[in-house]
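Thanks for making time this morning. I would like to walk through one model with you, beginning with a single side chain and a ring and then widening the view.

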Amino acid sequence: MATITTTILSTVTVAAAKPTVTSAPPQGGILEGILPNVVSAANPINLFIIQAAIIIILCRLLHYPLSLLGQPRVIAEVIGGVLLGPSVFSRIPHFKENIFPTDSLPVLNNVANLGLILFLFLIGLEVDIRLFTSNWRVALGVSLGGLLLPFGLGYAVAWGIFNQFQSEITNNVNFGVFGLFVGTALGITAFPVLCRILSELNLLGNSVGVTVLAAGVGNDVVGWILLALSVALVNNANGLTALYVLLVALGWLLFLVFAVKPVFHWALRKTGSIQNGPTQGMIGVTLLLVLASAWFTSIIGVHAIFGAFLVGLICPHDGGFAIKVTEKIEDLITVLFIPLYFAYSGLSTDLGLLNDGITWAYVIAIIAIAFSGKIIGGTIAAKLNGLVWRESLTIGVLMSCKGLVELIVLNVGLQAGILRQKTFTMFVVMALVTTVATTPLTKLLYPPWYRVKLERWRRGEIDWDGKPLVSADSDSAESSDKLSDSNIRRLLIYLRLDSLPSLFTFISLLGEERVVQPSSISGDDVKQEPQIKKRPLEVHALRIVELTERTSTVMKVTEGGDASRRDPVVNAIRTFSQLNDVAVSGNVVVAPEESYAETVTMHASDQKSDFVLIPWSQIGSVVEDQSIPYSVSSEDRFTGKSHLDFIRNTLSKAVCNTGIFISNGFSGIAPVEKSRPAFSRTVSVASLRSHKEAALPPVADKSHHIFLPYIGGVDDRAALSFVLQLAKNPNVTATIAHITCLDGDDEITGVRESSLVEDPSSLKAAINTEITALDSSFLATARSSLSQSLGDRINFIEESVSTGSTPGRIVELASERVGQNPRNAGDIIVVGRRHPILPSSSRNPEQANVLYEVQKTIGVLGEKATMSGLRASVLVIQAASKGSDS
């Protein structure tokens, strides 16, 4: 009985005590006094978000000033990691314990290594073996030269490091493995950073860029193989096991190439992923392949990154599949994962360990060998393949770029125990120095002016000293021919997808007319052939694609080959021009947005263009949107700062006459916002949804009327010459209004247009825009030299008006003459850009508004004509500055 009573009492006691044991933990977070940076195994996300935010913000802040110096993003990420480590921030009391406590590092390490695996997959996608095979001879020579010499020198300096810092090397690492790793670290080239540098310096299209890319592919693949060998040797105690590991790794590579790759490619084609871009399901399959391959190479004792790299190599590049996969995942990797990886790496970098002379002596020796081995080996190999010395030296400098890949190699060595913290820091300093120096040295050795000189020398235009080889007689003949014929012969057009209809019309108006004459008559058959003029109009179409920070943009350049032959926009303008008896060439350039203006002027100079035609964007943006087109308001169209800056910079650097065309219903196509049908009471919702747009009939009236207000100045004279050439087309009529500005009795008191000039030194160039007696004589000469047929289609009028009311009066005159025939192919108001005497907006630059910014860009008359609401397009012309090539 006593036993039963004891048992019941103990049970009741335990039951009563149970709620206190299983009480729920606090759920209020900071509301219950729990700090957000407390390490919690059950909820590690709080501290991880703090760490990730600090890392990303710091790297972005560092990248902005470094980007102004031409440095790649990896430099900011590496420096950010070093700053967060024991070198700087971790010396702050309690910083490491509160932000990067030791217990939180496994979570950060897992996320960082997952990002590293995906990044190596991207590197594999970026490596296109076709670059190596298509240029295998020079690629093999430069790749071997840039790898063997630094590898040998690295193996030699490894002997001193191995013996001097014996305490920094683990016992299971012998000198053979250590020397193999150091040689690999000094011989490898950072292919992704190399592609970025070549793109930003516009070197991808010449012999230097092609050679470096092809050699970089071979160097990258061999470097990863040597690194895999180093890791396999250090992870296995005896050589026989290491041999087995390498054989299994080789077997896995063969399995991927001959078993997985065919099935994978078949599935991609079956799902249309190559033709139409990867489906969500195939993206899932691809990422599963990456993780499976990384897992397998990790469990056999190599490293998980090699498996991911191999899957990237077997992905197809046909149809842009590799580029499209990269586009889908690159932002998450480069913005989040890679900074986390380098921050974690920076926690192991302590510059304070480089605290004696012998250590710094070895650091300097490592840097010297990294530079000299790559530069000497690459230079000699390139010279033996027929390049000039300066090109060869540039190739050697570019091959010395370490960057991102070098840091990954060093971290793999650190994790494998080949390096310790001190030796790791020594090599990190080398990687930073070589990467930072690559871009400045390349700009110094291979500047744009030298590239132009080299191309002209190879074409036989000049000798090596820069003296022209063309005879003086041909120069004088060309000069006299140019004086006798002021018509536009070489037209450079800036291609935009939203401006193709306008450009088509301009080409047809400026092109030579087709004259049909009977060439042979036999019986009743009359055979007629078009007679093409001896010197047709030459159209050079330039299409610019934005170069962004994304890897996929660089891949489009490196894999594009001759993109101008495949670009649909260039092909459209090429086909139209050839059907209209116009000589045509096209070029696609990938450039950063801030270099658009320089690219346009450079191509105008190279092509010796007479006129550059730049259409104003329909959406007010420099960058084209390849997705479904969208409409913007008329105000938004003229407020895009990047587009306004592009137009202004292009005009300020213009080397020939330049026109800015603002389309408004030109070519018979009405603006989008004006072509929307109004709702009708007789239309139901169902019928509205099923409504189909009726087919547009051909434009019956193909006529154009041009209105030119002629005030005076070099811009107006260039505009008059342009209008007279357009008027030679029988579909064009013109009204030329000679405006005489009278002083006094101004209705509007305001600042002059000359006040819009931000740089006072540029006012000297504006002297030619003032009205002189030359303007009247130029107009009289042009008027008297017209043929009878041309004179019948051009109407000259005289108008005197006070200076202040000139812009308003010009708009009134234009409204009476353009837009009167709504069914024609579109009218144009042509104005000169610069008229210093005209009144501008009364606002100060500090109070800049839409009108003020537009006036600074296209002048007072251009702004008035554009914003007046007239049913006509506007062409603003600026003449070439004196002494230009045009």
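Predicted model: local features only at pLDDT ≥ 70, side-chain atom pairs only at ≥ 80, totals over all residues.

Let me begin with Arg390, which lies over the face of Tyr450 at 4.5 Å from the ring centre; a charge sits over a ring here if NZ of Lys or CZ of Arg is within 6 Å of the ring centre and within 35 degrees of the ring normal. Residues are numbered from 1 along each chain as its sequence is written, and side-chain values use heavy atoms, with hydrogens and water left out.

Staying with Tyr450, its relative accessible area of 4% makes it buried, where buried means under 20%, exposed over 50% and partly exposed in between, with a 1.4 Å probe and protein chains only.

Now to the aromatic pairs, of which a search of the whole structure finds 23. Rings of Phe, Tyr and Trp (its six-membered ring) pair if their centres lie within 6.5 Å, and planes under 30 degrees apart count as stacked, over 60 as edge-to-face and the rest as tilted. One of these pairs is Tyr341 with Phe342, edge-to-face at 5.6 Å centre to centre and 75° between the planes; Tyr341 is buried at 2%, and Phe342 is buried at 3%. Another edge-to-face pair joins Tyr446 to Tyr450, with 5.9 Å between centres and 65° between the planes, and Tyr446 counts as buried at 2% relative accessibility. Ring pairs also link Phe151, Tyr155, Trp159, Phe162, Phe175 and Phe178 into a cluster.

Which residues does Thr442 touch, if we leave out those up to four places away in sequence? They are Leu201, Leu203, Thr394, Val397, Leu398 and Pro447, contact meaning heavy atoms within 4.5 Å. Thr442 lies in helix H19, helices (H or I, at least four residues) and strands (E, at least two) being DSSP runs numbered from the N terminus. Thr442 counts as buried, since its relative accessibility is 1%, and a polar atom of its side chain lies 2.7 Å from the backbone oxygen of Thr438.

H3 itself covers residues 73-84, and its 12 residues reach 17 Å from first C-alpha to last, close to the 16 Å expected at 1.5 Å a residue, the expected span being 1.5 Å times one less than the number of residues. Of those 12 residues, 9 are buried, including Val74, Ile75, Glu77 and Leu84.

Elsewhere, Ser805 sits in the loop between strand E10 (794-802) and helix H32 (806-815). Ser805 is buried, with a relative accessible area of 13%, and its side chain makes a polar contact of 2.6 Å with the side chain of Ser802. For that term, a pair of N or O atoms must lie within 3.5 Å, and within protein one must be able to donate a hydrogen and the other to accept it, with residues adjacent in sequence counting only if both atoms are side-chain atoms.

Finally, the whole protein: its secondary structure comes to 33 helices and 12 strands, and 50% of its 886 residues count as buried.
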